[in-house]
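Here are my notes on this model, as promised.

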Amino acid sequence: MTQTSSSSSSSSSSSSSSTPRPVENEKGITAEEYEQIIATQSAEQIIIEVSTGVKLACKAWGPSDSDVRVMAVHGWMDNSNSFDLLAPFLAHHHIRVLCIDLLGHGRSPYIPLWCSYSFADHLATIMDVAHTIGWSRFAILGHSMGGALASVLASTLPESIISFASIDILGPYTRDLRARETIANSLRERNKIVHRKSQFYSSIDEAVEKYKRRNPLISDRAAKLLLKRGTVSVVQPGGKTGLIFRHDPRLVAPSPYSFRESDVIEMLGAIQAPTFLVIASTSAARVKIEEPGLETPFKRRLCALKNLQKYMKIEGSHHVHLDNPQAFANQLANFFIDAHNKSESDNPDCAVSSHPPPPPLVLKAKL
């Protein structure tokens with residue numbers, strides 16, 4: 001892979017007629033070639049204790065001394081295995097990728113019973129990790145909810161985010177409910193969910209079947225990858241062994257807060273970092289991105305972006321980065337490298353701090 005990107009630029013506009021169009025069927029590498037490349041890489045399992053005392057489970061790929069550093073954030077009720085087929089390709093091209101298990105997900109701890117999961121707390125978690133390991137500036141990659149989180153960080157902390165890549169989402173979800181209704185709904189549901197127990201599954205295949213009810217288009221391979229980290233073996237009182245999901249059952253509780261669409265448009269419009277967007281073909285059909293003359297929320301969001309460097313529609317469903325990563329991984333690697341190189345040339349001293357951060361407390365763990 002060369003240091004010069006082959007990516008094309010797309011300019012945005014407020015009119016639907018000039019909505020950026022996705023690149024389709026751009027030549028990638030074959031699935032066989034891709035598998036051979038990622039098989040050469042392995043992940044480092046680590047626990048990072050942030051300043052609040054919380055210990056977060058993470059997976060790191062690629063050389064630790066790489067200048068090109070990417071924070072990868074998974075989607076709702078997934079975990080850091082979400083990037084197991086994408087991060088090793090980036091690592092092969094000497095990119096450091098740190099994949100976090102957000103609180104309540106994967107192998108990271110649950111929050112206390114008297115607390116609720118919030119979008120803002122996930123944002124704080126990501127930045128706590130960055131501060132702990134001394135990443136003052138980094139690229140951010142997110143899938144689904146992770147992409148929504150990444151977009152808000154790119155918008156609100158431009159001094160920290162070198163580049164931003166989002167997979168199958170563009171900005172946070174919004175709701176039409178008024179604040180009073182949203183809070184009331186959240187409080188009512190909380191009483192039902194706060195002591196909810198995890199369901200028992202007799203085998204991994206049964207757990208996969210349950211997972212695929214929520215994500216019917218995901219492949220068995222991708223589902224099993226996620227559940228490898230997302231389940232834990234248990235023994236029932238009668239001695240029967242099986243599995244339960246690791247994620248906190250309270251994650252299904254509705255948030256008492258939500259974004260307004262106007263807020264999301266404003267935030268997307270404020271993103272300065274070079275942006276890379278991947279949309280799966282099934283999602284593209286759902287949000288009607290290809291119907292000319294039709295004004296849609298997605299098109300308005302797309303046109304709000306001022307630095308969209310690459311926009312690709314990839315054959316696949318919501319977990320396209322697990323089911324078809326070879327279709328865009330090379331372009332993504334080039335994007336991160338080019339954005340880093342441009343950042344360095346524009347700000348040659350950006351990586352130098354007059355007050356270096358304290359040595360990071362990173363505990364290697366056997367997980």
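**Notes on the model**

1. Let me start with helix α6. The elements covering its buried residues include α7 (220–230) and β9 (241–245). The helix itself runs over residues 204–214, and its buried residues are Ala 207, Val 208 and Tyr 211. Looking down the axis of α6, these buried residues fall within an arc of 100 degrees, so they line one face of the helix. Keep in mind throughout that this is a predicted model.

2. Now the overall picture. The chain holds 12 helices and 12 strands. Of its 367 residues, 50% are buried. If you take contacts between residues at least 6 apart in sequence, 76% of them join residues at least 24 apart.

3. On to the nonpolar cores. Which members of the largest nonpolar core touch the most other members? They are Met 71, Leu 98, Ile 126, Val 129 and Ile 140, out of 48 residues in that core. As background, nonpolar side chains in soluble globular proteins tend to be buried together.

4. Cysteines next. How many disulfides does a search of the whole structure find? The count is 0. Cys 58 is in no disulfide, and the nearest cysteine sulfur belongs to Cys 99, 8.6 Å away. With a relative accessibility of 0%, Cys 58 counts as buried. Cys 115, by contrast, has a relative accessible area of 28%, so it is partly exposed.

5. The search gives 1 cavity of 30 Å³ or more, and the largest cavity has a volume of about 40 Å³. Its lining is made of Asp 67, Val 68, Arg 69, Phe 138, Ala 139, Ile 162, Ser 163, Phe 336, Ala 339 and His 340. The elements giving two or more residues to that lining are β6 (138–143), β7 (161–167) and α12 (329–346). With 3 residues, α12 gives the most.

6. Please look at Asn 79, in the loop between β4 (69–73) and α2 (87–92). Is Asn 79 buried or exposed? Its relative accessibility is 3%, so it counts as buried. Setting aside residues up to four places away in sequence, Asn 79 touches His 74, Asp 101, Gly 106, Leu 226, Arg 229 and Gly 230. The C-alpha atoms of Asn 79 and Arg 246 are separated by 9.7 Å, although the two residues are 167 apart along the chain.

7. Another asparagine, Asn 215, sits in the loop between α6 and α7. Asn 215 has a relative accessible area of 11%, and is therefore buried.

8. Two backbone angles to check by eye. His 94 is not a glycine, yet it has a positive phi of about 65 degrees. His 94 is placed in the loop between α2 and β5 (96–100), and at 57% relative accessibility it counts as exposed. Asp 168, also a residue other than glycine, has a positive phi near 60 degrees. Asp 168 is in the loop between β7 and α5 (179–193), and at 6% relative accessibility it counts as buried.

9. In α8 (residues 261–269) the buried residues are Val 264, Met 267, Leu 268 and Gly 269, and they pack against α4 (145–156) and α10 (297–304). Helix α9 covers residues 281–286 and contains Ser 281. Why does Ser 281 count as buried? Its relative accessibility is 17%, and the cut-off for buried is under 20%. Residues up to four places away in sequence aside, Ser 281 touches Lys 313, Ile 314, Glu 315 and Gly 316.

Technical notes. Residues are numbered from 1 along each chain as its sequence is written. This is a predicted model: local features need pLDDT of at least 70, side-chain atom pairs count only at pLDDT 80 or more; totals for chains, interfaces and linings use all residues. Side-chain values use heavy atoms; hydrogens and water are left out. A nonpolar core is a set of buried Ala, Val, Leu, Ile, Met, Phe, Trp, Tyr and Cys residues joined through side-chain atoms within 4.5 Å. Buried means under 20% relative accessible area, exposed over 50%, partly exposed in between (1.4 Å probe, protein chains only). A disulfide is a pair of cysteine sulfur atoms within 2.5 Å. Helices (H or I, at least four residues) and strands (E, at least two) are DSSP runs, numbered from the N terminus. The arc is that of the directions from the helix axis to the C-beta atoms. Contact means heavy atoms within 4.5 Å. On a 1 Å grid over the protein atoms alone, a cavity is a set of points where a 1.4 Å probe fits but cannot get out, and a pocket is an open set with protein on both sides within 12 Å along at least five of seven lines; lining residues have an atom within 4 Å of a point. Grid points are joined across faces, edges and corners, and a volume is the space filled by probe spheres set on the points.
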